Amino acid sequence: MSFKELKSKRDARLNQAGTAQPSVLSEKETGNDQNQLYSQLDGSGLIIKSVSGRGRGLWATTTMKPGSKLLSLPPHIHVLSARFLDTHCSRCTIEAEVRRCTKCLTVSYCSTDCQREDWKLHKEECKAILRWKAASPDGTPPADSIRAIGRLLWSRKLMKATSDWWLEVNAMQSNRDVLSLETQESFTHFAQSLVMYLDVNSPEGLRDFGIDSARDLVDLMSKFAANSFTLTSSNLSSLGVAISPLPALINHSCQPNAVIVFPRATATKPPTLEVIAILPINPEDEILAAYVDVTLPTELRQKSLEATYNFTCQCAVCTNTEEVDLRSSCYCPKCSEGYVRIKDRGKASVCTKCGAALVVSDDVKDKLRVAAEGLQKAEKLQWTESEQALRLTTNILSLITPFSPPSAHPRLALMRLQQTLLISELRPHDGKIDDIIRVSAQVVSGLCDLLPLGHPIRAVALAEFGKLLCVDEPALSEEDQARNSFPPRGYHRLVLAKDTLVRANNEVQIGFGPGGGGLRDEVRAILENIDREMAVYRKGVTNLRASATQKK
Ligand SMILES: [Zn+2]
Ligand SMILES: [Zn+2]
Ligand SMILES: [Zn+2]
Ligand SMILES: [Zn+2]
């Protein structure tokens with residue numbers, strides 16, 4: 001998942017215009033033979049093309065609407081993160097009653113089918129995990145990345161080094177020659193762990209895996225770092241990591257026209273990675289997906305792209321330095337309706353509404369700096385000290401909410417974290433549900449300002465908002481009711497829940513492709529419940545009216 005064939009960072013920067021024009025290259029370089037390697041390209045309406053300065057990428061040959069499935073394929077390998085090994089099936093990734101492998105007591109399966117199917121790979125893995133756990137002081141299994149590369153190398157033995165399967169892995173781009181010192185160091189450390197995990201005692205032992213030198217080993221790790229995908233559930237929560245060489249050819253944009261999702265986990269079937277169009281795509285358009293969270297402001301996106309993928313993004317969002325970018329803006333201090341871009345010291349920006357040229361005050365910038373630091377702290381604390389993390393996010397939000405729109409950083413990130421923390425702390429009937437609904441509404445509004453209709457992150461946020469509106473409402477004092485007009489109560493709440501879930505239902509079928517995956521099933525089931533509840537309400541009202549008429 002990076003700029004393939006990109007030889008140096010300099011090449012990427014040379015492409016200043018950001019207009020990728022196919023260059024005149026030889027047949028071999030344009031990758032016509034590459035197209036034959038990937039059988040999944042047949043009939044997909046996609047081809048591999050090389051563009052000077054950008055390397056290989058996937059390009060459309062036909063028109064595709066938002067919601068179209070561009071590719072659908074099982075990843076070459078996938079592994080669950082350590083924290084899901086006890087709750088999810090290691091093969092099909094569903095969350096279910098799982099049983100542990102009786103030998104390593106580490107990976108679990110939903111069924112004997114899954115266990116049997118996985119055994120050809122797990123056989124080696126099982127022994128390696130046992131060895132690893134015996135050697136580690138607290139008996140923890142190896143990191144996700146180590147387990148993933150282990151699987152890749154054992155698969156290579158099974159699939160043979162000359163198979164297309166391995167040739168695809170081999171053709172993945174490596175940034176070996178442009179790695180920073182920091183990355184080189186972390187790779188050295190990583191290599192030691194990997195060698196230990198594979199139980200290789202000599203360099204010859206690595207030859208069995210096709211690794212002939214230290215260079216080859218670094219190459220493999222660089223390929224893994226730059227090309228792996230986050231394995232996600234049907235509502236986008238991160239489950240682990242996956243390797244899939246063909247979609248990894250897709251280049252990055254902070255304004256992508258496609259997304260990569262795993263719409264549905266099906267019992268006893270390996271997961272399926274799907275590439276879905278989220279904007280209209282025309283013939284000769286390049287397919288672009290985001291490697292980083294596009295709700296983050298330019299500075300943070302660039303930093304993370306540099307660190308992991310070794311390039312500087314030149315997309316329209318990254319090169320815009322003048323127009324208002326809602327990720328880094330505040331409400332206009334003059335009219336308080338428009339937005340003003342936050343710029344470096346002393347530079348004025350024009351309000352989108354009243355047109356005034358204004359300099360954002362140092363006070364606002366200071367508060368935003370404090371808020372960004374607080375966000376980092378709260379993110380670290382969320383797993384260990386969730387109550388403290390929640391207090392921190394709530395305090396910082398009250399500091400910046402008066403001038404920061406819901407789409408701006410770090411407000412949006414703080415609200416998303418706050419929502420997660422509030423939900424995890426929620427107890428039945430504790431009256432907090434209305435607070436969560438208010439945060440959730442703001443999260444939806446922030447995301448809708450930044451992401452196109454049907455973006456899976458938006459769809460998930462809408463579904464979440466709709467679900468929260470269906471939780472039993474708390475008994476509120478009249479005072480509390482008067483203080484907060486939102487969320488509505490009773491029948492009006494049901495109406496809002498229904499509207500929200502109908503929207504979610506539509507957007508899920510874009511962002512997760514036709515069918516909408518597991519999330520759509522969930523949304524539809526709740527919608528049916530709402531319809532039933534609404535019918536009961538209406539019947540209640542009719543009965544009331546009837547009895548009122550009788551009394552007359
Ligand atoms: Zn399973
Ligand atoms: Zn085992
Ligand atoms: Zn960009
Ligand atoms: Zn204004």
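**Close-up views of backbone features**

**View 1. Asparagine 310 sits in the loop between α10 (298-309) and α11 (316-319).** Helices here are DSSP runs of H or I with at least four residues, strands are runs of E with at least two, and both are numbered from the N terminus. This is a predicted model, in which local features need pLDDT of at least 70, side-chain atom pairs count only at pLDDT 80 or more, and totals for chains, interfaces and linings use all residues. Residues are numbered from 1 along each chain as its sequence is written, chains are lettered from A and ligands numbered from 1 in the order in which they are written, and side-chain values use heavy atoms, with hydrogens and water left out. Although asparagine 310 is not a glycine, its phi is positive, at about 60°. With 7% relative accessibility, asparagine 310 counts as buried (under 20% relative accessible area; exposed is over 50% and partly exposed in between, with a 1.4 Å probe and protein chains only).

**View 2. Leucine 105 has a positive phi of about 55°.** Leucine 105 is not a glycine either. Look for leucine 105 in the loop between β5 (99-100) and β6 (108-109). Its relative accessible area is 44%, so leucine 105 is partly exposed.

**View 3. Histidine 409 and proline 410 are joined by a cis peptide bond.** Omega for this bond is near 0°. Proline 410 belongs to the loop between α13 (386-400) and α14 (411-425).

**View 4. The peptide bond from phenylalanine 486 to proline 487 is cis.** Here omega is about -5°. You will find proline 487 in the loop between α17 (478-483) and α18 (491-511).
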